[in-house]
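Reader: Hey, I've got this protein open and I'm a bit lost. Can you walk me through it?
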Amino acid sequence: MSFPNIPNVTPSIDINREDVINLLLASIAFEELGLAHIINAEAEKIQAVLGTLPESSVRAGSVADLIAINDSVNQTLKTVIKKEMLLQFKLEDILDIPTCQVSVIARLELPSQPGATQYRFFGNAQGTNQVSVEILVNENVVGSTTANVANNQFQAVLFVPVVPGQITIRVRSLDGDCEFERLVTSIPLIPAQ
């Protein structure tokens, strides 16, 4: 049995969401493979003391020895079962990871009007064709627009009022098959040229 080919993970990690999910699934597969080897070793231990393993000359000397081996195998298998339960939880958590995601990666300041600054927001969205982009000041929506997603990217132009308070950007999917919501409070500013 050969090992699967896993992407090269170096100190400068550059992997996407799909690669992360695949690496997590591969980690479960490796752990399952290790547990299979442990179970096989325990089976060979029993075969050896019973004398049914052809290449082994070890045999149990008494019934007490057989009971001791049985208790040892039983304890090891209990530990394997506990690990299997943890792997099941890990697998369920991985399968619950949404395949759709969004990020707002930059903003560009545009010519403004009195009392507001106009920005163009750039972002990435996967798994959706349209997003809603909202500006919130102190958790109240003060501006919103929709943006189409093409090649996993979108742009949205919004006026941001010049008012005191915490300004937040909320991006949501408008597709029923892909549900996400992302709040962003800090977005890099691209200098106007």
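Reader: Ok, where does R170 sit?
Author: R170 is in strand β6, which covers residues 167-173. Keep in mind that this is a predicted model.

Reader: Got it. Is R170 buried or exposed?
Author: R170 is buried: its relative accessible area is 16%, and the cut-off for buried is under 20%.

Reader: And what about β6, why is it called largely enclosed?
Author: Because five of the seven residues of β6 are buried, the strand is largely enclosed by the rest of the structure.

Reader: Back to R170. Which side chain does it make a polar contact with?
Author: That's E134. The side chains of R170 and E134 are joined by a polar contact of 2.6 Å.

Reader: What else is R170 in contact with?
Author: If you skip the neighbours within four places in sequence, the list is S132, V133, E134, L136, V141, E181, R182 and L183. L183 is also the bridge partner of R170 in β7.

Reader: Let's zoom out. What's the strand order in the sheet?
Author: The order is β4-β3-β6-β7, in an open sheet of four strands with antiparallel pairing. The edge strands are β4 (140-148) and β7 (181-184), and each of those pairs on one side only.

Reader: What does the twist average from one strand to the next?
Author: It averages 20°.

Reader: How many bridges join β3 to β4?
Author: Eight bridges join them, and they run antiparallel; β3 itself spans residues 130-137. For a pair to click on, V133 stands opposite T145 in β4.

Reader: Nice. New topic: how many aromatic pairs does a search of the whole structure find?
Author: One. The rings belong to Y119 and F121, with their centres 6.0 Å apart.

Reader: Why is that pair tilted?
Author: The planes of the two rings are at 45°, so the pair is tilted. For that label the angle has to fall between the stacked range, under 30 degrees, and the edge-to-face range, over 60.

Reader: Last one: are Y119 and F121 buried or exposed?
Author: Y119 counts as buried at 12% relative accessibility, and F121 counts as buried at 2%.

Terms used
Residues are numbered from 1 along each chain as its sequence is written. This is a predicted model: local features need pLDDT of at least 70, side-chain atom pairs count only at pLDDT 80 or more; totals for chains, interfaces and linings use all residues. Side-chain values use heavy atoms; hydrogens and water are left out. Rings of Phe, Tyr and Trp (its six-membered ring) pair if their centres lie within 6.5 Å; planes under 30 degrees apart count as stacked, over 60 as edge-to-face and the rest as tilted. Buried means under 20% relative accessible area, exposed over 50%, partly exposed in between (1.4 Å probe, protein chains only). Two strands pair if DSSP finds at least two bridges between them. Helices (H or I, at least four residues) and strands (E, at least two) are DSSP runs, numbered from the N terminus. Axes are lines fitted to C-alpha atoms, for helices over the stretch in contact, and angles run from 0 to 180 degrees between N-to-C directions. A polar contact is a pair of N or O atoms within 3.5 Å; within protein, one must be able to donate a hydrogen and the other to accept it, and residues adjacent in sequence count only if both atoms are side-chain atoms. Contact means heavy atoms within 4.5 Å.
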